Amino acid sequence: MEGVFIYWFGWLLWVVITFFWSKSKARFWNAFSLLLFFILLPKTLVFANTTVHLVYVLFSSYLFWQLNKAKECNLVHAFIASITIAAAYAGFQMMMIFDPVVVYIDSRWMIGLMTGIISFFLAATLKLRLLFAFSGLIQGELLAGLVMQHHLYMDYSIGSLYFFDIVAVVGCLYSVVWGFKQVSVVLGNLVVKEPKTSVLKQSS
């Protein structure tokens with residue numbers, strides 16, 4: 001069912017922000033933005049016979065604003081990484097149309113895993129990996145949607161629940177990776193930690 005991942009993971013994120021973050025303006029605006037996101041998710045716009053979801057337009061604007069604001073992000077690097085992910089996403093969508101036998105499991109998980117792996121090797125930090133993955137998905141969805149609507153004459157809406165399910169899967173995968181990293185750091189500090197007193201005795 002389309003939309004199951006974005007709603008489940010989205011509401012889970014909203015619960016974490018609302019009940020586990022410290023009271024601040026950031027908590028209020030993030031929780032408010034998520035609620036607004038859920039309200040606007042079904043809304044669509046039509047431009048030149050092209051159907052686009054409103055949330056897709058807003059998400060694209062916010063994402064490219066974050067890319068432009070990121071100090072550690074080189075725009076040329078970001079462009080190449082995004083185009084690479086976009087080509088992989090659009091190519092996989094076309095492959096599912098002409099050769100659907102390649103889909104062994106839920107296609108949203110397959111595309112999410114593919115996007116996460118490509119982005120992992122194209123960036124060094126978690127923030128950049130997420131930005132590259134999401135910007136690549138945004139561009140790939142636009143490319144695939146235009147081809148399907150205007151060349152294959154299919155009933156397709158750009159930025160649908162299916163697309164945001166993939167966005168949710170990528171975010172979930174990187175959240176799991178981040179969680180494992182934090183656990184490994186804590187365990188590493190507990191195992192490798194050496195009392196300062198013993199170090200002083202050895203040096204003397």
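## Salt bridges

The count of salt bridges comes to two, a salt bridge being a side-chain nitrogen of Lys or Arg within 4 Å of a carboxyl oxygen of Asp or Glu. The model is predicted: local features need pLDDT of at least 70, side-chain atom pairs count only at pLDDT 80 or more, and totals for chains, interfaces and linings use all residues. Residues are numbered from 1 along each chain as its sequence is written, and side-chain values use heavy atoms, with hydrogens and water left out.

D106 and R108 meet through their side chains in a salt bridge, at 2.7 Å from N to O. R108 also forms a salt bridge with D165, where the closest N and O atoms are 2.7 Å apart. D165 lies in helix α7 (residues 161-192) and R108 in helix α5 (residues 107-122), so this pair ties together parts that are 57 residues apart in sequence. In general, side chains of opposite charge can pair when their charged atoms come close.

R108 has 7% relative accessibility and therefore counts as buried, as does D165. D106 is partly exposed, with a relative accessible area of 29%. Buried means under 20% relative accessible area, exposed over 50%, and partly exposed in between (1.4 Å probe, protein chains only).

## The chain as a whole

The chain has eight helices and two strands. Both kinds of element are DSSP runs numbered from the N terminus: helices are H or I with at least four residues, strands E with at least two. From the N terminus on, the order is α-α-β-β-α-α-α-α-α-α.

Along the principal axes, the C-alpha atoms fill a box of roughly 80 × 40 × 35 Å. The chain has 204 residues, of which 38% count as buried. Its accessible surface comes to about 12,700 Å², with 72% belonging to carbon and sulfur atoms; such areas come from the Shrake-Rupley method with a 1.4 Å probe, and for residues only the protein chains shown count as cover. Among contacts (heavy atoms within 4.5 Å) between residues at least 6 apart in sequence, 70% join residues at least 24 apart.

## The hairpin

Strands β1 (residues 44-47) and β2 (residues 50-53) run antiparallel and are joined by four bridges; two strands pair if DSSP finds at least two bridges between them. The bridge partner of F47 in β2 is T50. The two strands form a hairpin with two residues between them, and A48 in the turn has a positive phi of about 50°.

## A buried glutamate

E141 is part of helix α6 (residues 126-150). E141 is buried yet has no salt bridge, and R108, the nearest side chain of opposite charge, is 12 Å away. For charge, Lys and Arg count as positive and Asp and Glu as negative, while His and the chain ends are not counted. Not counting residues up to four places away in sequence, E141 touches several residues, among them Y56, Y89, Q93, Y156 and F163.

F64 lies in helix α3 (residues 54-69) and counts as partly exposed at 37% relative accessibility. Leaving aside neighbours within four places in sequence, F64 is in contact with S135, I138 and Q139. F64 and I138 are 74 residues apart in sequence, and their C-alpha atoms are 10.0 Å apart in space.

V15, found in helix α1 (residues 4-20), is partly exposed at 32% relative accessibility. With L12, V16, F19, F20 and W21, V15 makes a nonpolar surface patch of about 620 Å². Patches are made of residues with over 30% relative accessible area and no salt bridge; like charges are joined within 9 Å, and nonpolar side chains (Val, Leu, Ile, Met, Phe, Trp, Tyr) within 5 Å.
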